[in-house]
Amino acid sequence: MRVLLSDFVLVCNDEFDIIKDGGVCFDEKILEIGNSDVLLAKYKNAEVEKLPKNSVLMPGLVNAHVHLEFGANVATLKYGDFMEWLKSVISSREELSGKCTEAVISASLEKMLKDGVTTIGAVSSFGLDMKACIKTPLNTVYFVEAIGSNPAAIDALFADFKSRYYEAKEAKTNSFTPAVSVHSPYSTHPILARRVLDIAKNDGAAVSAHFMESAHERKWLDSASGAMGEFMKNFNPRAKPMTTAIEFLELFRDVKTLFIHAVWARDDELKLISGQKNAVVHCPRSNALLGTGALDIKRAQKALVPLTLGTDGLSSNINLNLWDEMRAALFTHQTFALGGLAVLLLKAATCEGAKALGLNKGVLESGFDADIIALELAEVPCDISDIALHTILQTKTARRIFISGKEIQNR
Ligand code: BEZ
Ligand code: FE2
């Protein structure tokens with residue numbers, strides 16, 4: 001049993017409680033949080049450590065959406081417009097995945113861990129990332145992807161999905177959880193989607209799906225026109241949208257789903273997402289680089305959509321640092337009150353991410369897994385209510401990292 005004491009504890013519960021001069025007592029689980037004096041008096045036999053001045057304790061971060069298999073991209077893909085980017089992904093897929101060795105993937109995981117990310121939702125297109133995800137101490141929710149719009153190929157695509165999914169299922173551990181990804185409404189045939197979702201339902205697995213990332217997707221699904229229509233002719237000269245946006249969302253009624261992006265989702269679609277108890281993953285830097293616009297956070301909040309945060313892959317980002325992602329979000333949503341936005345982002349990157357992934361993590365409260373990070377601020381704000389904002393502004397990496405109570409040496 002250990003007790004860590006610090007100047008600030010960010011509990012990251014719904015109320016976003018902040019404890020000044022507090023601490024955490026834990027073994028594999030969090031046993032108690034509270035004021036330092038109370039913990040010291042109660043846990044006399046614990047190994048006690050007072051962290052340096054200006055330290056902040058909080059739950060490990062959750063990067064709810066990443067593609068590790070595109071980790072070799074630096075300048076191979078075309079940025080600026082979603083359709084141009086998608087075309088470049090299709091044409092460079094082999095080249096990029098060929099360069100993505102286990103060493104490249106492990107390096108990405110190591111970097112994220114160093115930053116203080118203790119849980120990821122990783123979409124796997126090919127299965128190249130499985131070994132590294134099993135080996136890492138990071139908690140991985142491993143979303144095995146189903147993609148393909150050609151109706152004639154559904155059986156083969158489903159067979160390929162099953163072989164990757166069942167391999168992941170065989171490898172399940174406490175920190176490696178198989179899950180299911182339906183790529184998107186424009187790229188995954190609904191029959192294929194239904195089949196993989198039946199497996200997710202049966203296994204109680206989490207699901208992720210890209211949804212309404214770009215205006216091109218909106219136009220294609222709503223009116224079968226635009227640049228995405230032209231692009232879809234590559235797969236089928238008589239291609240038509242395979243689903244409406246609402247029909248697509250309804251496929252996920254009984255599964256725990258994270259919808260990635262949702263920048264172009266309408267109010268009724270956002271309401272359906274929240275009504276189905278699903279969540280949205282906000283990836284602001286990916287959206288900026290692919291020219292898809294910014295999620296309207298206020299509209300999402302009005303629809304009561306749980307908001308989580310992700311970096312997306314190096315296919316649409318410059319790094320996988322979730323602190324950089326939060327800073328980018330702060331600079332993106334300029335009409336939002338800054339302090340409130342900082343709290344929303346820290347919750348998205350902790351409790352909301354963990355909840356959406358179905359994990360007992362992301363909050364420093366008794367009974368949750370002891371995934372804890374310690375940060376050290378250069379300077380604390382004079383107004384304690386600004387601590388969330390300054391934690392985001394000042395942090396690049398974590399000083400100390402614990403996963404299920406076990407310290408990870410931060411090299
Ligand atoms: C397909 O495999 O059918 C597909 C992939 C990406 C975008 C659209 C369709
Ligand atoms: Fe993505």
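Analyst: Let us begin with a term: contact means heavy atoms within 4.5 Å. This is a predicted model, in which local features need pLDDT of at least 70, side-chain atom pairs count only at pLDDT 80 or more, and totals for chains, interfaces and linings use all residues. Residues are numbered from 1 along each chain as its sequence is written, chains are lettered from A and ligands numbered from 1 in the order in which they are written, and side-chain values use heavy atoms, with hydrogens and water left out.

User: Which domains does the protein chain have?
Analyst: Domain 1 covers 2–59 + 362–408, and domain 2 covers 61–357; these bounds come from an automatic or database domain assignment.

User: How many residues of each are in contact?
Analyst: In domain 1, 26 residues are in contact with 26 residues of domain 2.

User: And what area is buried between them?
Analyst: About 2100 Å² is buried, with carbon and sulfur atoms giving 71% of it. Buried area is the accessible area (1.4 Å probe) that two parts lose on being put together, summed over both. Ile392, Lys396 and Ile403 supply 27% of the area that domain 1 buries against domain 2, more than any other three residues.

User: New topic: how many salt bridges cross the interface?
Analyst: The rule finds 1 salt bridge there, a salt bridge being a side-chain nitrogen of Lys or Arg within 4 Å of a carboxyl oxygen of Asp or Glu.

User: Which side chains meet in a salt bridge?
Analyst: Those of Lys396 and Asp324 do, at 3.7 Å from N to O.
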